[in-house]
Amino acid sequence: MRPELPAAVLWDMDGTLVDSEKVWTISLQDTARKLGGELSAAAREAMVGSNMARTMDLLFADLGLPPDPDHQAETAAYLSARTAELFAEGLVWRPGAHAALTELRATGLPMALVTNTERDLTESALDVIGRHFFDVTVCGDEVPRGKPDPDPYLRAAELLGVPIEECLAVEDSPTGTRAAESAGAAVLVVPCETTVEPGPARVLRDSLHGLTPDEVRIVYDRVAAAVR
């Protein structure tokens, strides 16, 4: 029998749909310099896919600064503002992402954007990506805990009215992959800035180029069969 499509596809944003991790690298480096230091490569890698609170913890630890809540809040505001400036200069699609969104949307399949990025910045990115692709969007400041916790993916499935166990998440980072898997979703991983190891609940792909509804069926069926 022909494999079924998942109940919904849940898309990560940064590094998956748009090449914004490079933008975040610039804004994070600028923020570190504002704090009087330089961001290490190891700390930057650990931040990929992370939420703002964890990013601040990693940044302050990397620079040897005490984790002062007020100082971290001020720094987070600066980081968000600097990133918004860079987003406004334009975002670049990841290879094949726009075509994949278009083909899957044409099937009528429910789709959600699930990101650790806060709502204000996500709205700026959606001006480039296109709101019409998504039935719902879930941002990092709209759930109790962001990725790598499962809350964003669980909330997206709840809003769509579908079981998370019948969803396929599309991710690029270890952080996002852990979040989707711990929520119970199958995961299609397209690494961008960091390496993601293989696992039973995930299928790795080099890019989104050429991704079709038929392949989504096959990927979802393969992962679902592996974890049953």
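I began with Arg-202, which at 18% relative accessibility counts as buried (under 20% relative accessible area is buried, over 50% exposed, in between partly exposed; 1.4 Å probe, protein chains only). This is a predicted model, where local features need pLDDT of at least 70 and side-chain atom pairs count only at pLDDT 80 or more, while totals for chains, interfaces and linings use all residues. Residues are numbered from 1 along each chain as its sequence is written, and side-chain values use heavy atoms, leaving out hydrogens and water.

Next I looked up the partner of Arg-202: a salt bridge (side-chain nitrogen of Lys or Arg within 4 Å of a carboxyl oxygen of Asp or Glu) joins Arg-202 to Glu-181, with the closest N and O atoms 2.7 Å apart. Glu-181 sits in helix α8 and Arg-202 in strand β6 (residues 202-204), 21 residues apart (helices are DSSP runs of H or I, at least four residues, and strands runs of E, at least two, numbered from the N terminus). Glu-181 is partly exposed at 24%.

I then counted 18 salt bridges by this rule. One of them pairs Asp-30 with Arg-82 at 2.8 Å between the closest N and O atoms. Asp-30 lies in helix α1 and Arg-82 in helix α4, 52 residues apart.

Last I turned to helix α7 (residues 151-160), whose buried residues include Asp-151 and Tyr-153. Asp-151 also forms a salt bridge with Arg-145, at 3.1 Å between the closest N and O atoms. Asp-151 has a relative accessible area of 12%, and Arg-145 is partly exposed at 44%.
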